Amino acid sequence: MRRKPVVGVIGNSHRIEGRFDVQAVGQRNLRAVAEVAGALPLVFAGCPDITDIAALLDVVDGIVLTGARANVHPTRFKTEPKASYEPYDIRRDEVALTLSEACVARGIPLFGICRGLQEMNVAFGGSLHPEIRELPGRMNHRMPRLENGEIHPDPKVIFADRHDVKLLAGGAFAELLGCDTIRVNSLHGQGILDPGERVVVEGIAEDGTIEAIRIADAPSFALGVQWHAEYDPQRNPINRALFEAFGKALRESKRVAA
């Protein structure tokens, strides 16, 4: 009996009750991999002293770099850190940036979501801005909040589609999604400033924010999106198409490896 593809899903550092260090992954990411990509999600630690990347890539058929609360540390793209742009997760930075390059080099399907897109960009020499809304002409891409400043309690409001993304004509996303404009959710502060050397910009929001990328000349799936594609891909046609394409790439890569 042929086994399902296995997808490594990166963990994020958290501290529970101020005492216990844990690695956590949002369950929506795991369900998207299992229910839409048709693969077995395998959570791995975003800690370089725990995760042996070479050994990990010998086990998995693909990698998902998820979104996260923490920003990529500014020193990774030669910028001074500021307390107002915390928190950071420097251990995940080390794992994710190395992993991005390794996946592309080995032809292992790679899907970056929100912070994952940012990590892919930095891994290939690009830079980020820690707060996109501070740039002239940009909208606030952060999640909706109530008038008192608290995060909106309704996930349907938080993950509602908020802006359009214009796709590159003839690009991988336009071909995959069968259209030239899509509408997506928005839950991020940090975003791409300068694209990396092999980073091809394939989707731009109406305010100029980079929303979709691919890695040039990658031998397999190597796409990143700034929106949270893991939200409701069971019903959202855009997010479903992305995870289905990722699943197809997993199975094709698995056949080649066999």
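The contact (heavy atoms within 4.5 Å) includes Arg 92, Asp 93 and Ala 96 of H3 and Arg 115, Gly 116 and Glu 119 of H4. By class, I noted five nonpolar, two polar and five charged residues in the contact of H3 with H4. For those classes, Ala, Val, Leu, Ile, Met, Phe, Trp, Tyr, Cys and Pro count as nonpolar, Asp, Glu, Lys and Arg as charged, and the others, Gly among them, as polar.

**Ground rules.** This is a predicted model, where local features need pLDDT of at least 70 and side-chain atom pairs count only at pLDDT 80 or more, while totals for chains, interfaces and linings use all residues. Residues are numbered from 1 along each chain as its sequence is written, and side-chain values use heavy atoms, with hydrogens and water left out.

I checked the length of H3 (residues 90-106): its 17 residues should span 24 Å at 1.5 Å a residue, and the end C-alpha atoms are 24 Å apart, which agrees. The expected span is 1.5 Å times one less than the number of residues. Helices here are DSSP runs of H or I with at least four residues, strands are E runs of at least two, and both are numbered from the N terminus. Among the buried residues of H3 I found Val 95, Leu 99 and Cys 103 (buried is under 20% relative accessible area, exposed over 50%, partly exposed in between, with a 1.4 Å probe and protein chains only). Gly 107 follows H3 and has a positive phi, near 70°.

Next I looked up the loop between strand E5 (62-65) and H3, where Pro 87 lies. A cis peptide bond joins Glu 86 to Pro 87, with omega about 10°. Cys 114 is not a glycine, yet its phi is positive, about 55°. I placed Cys 114 in the loop between strand E6 (110-113) and H4, and it counts as buried because its relative accessibility is 5%. Asp 217 also has a positive phi, near 65°, but at 71% relative accessibility Asp 217 counts as exposed.

**Asn 29.** Which residues does Asn 29 touch, not counting those up to four places away in sequence? I found Val 9, Thr 66, Ile 113 and Glu 230. Asn 29 sits in helix H1 (residues 27-36) and is buried, at 7% relative accessible area.
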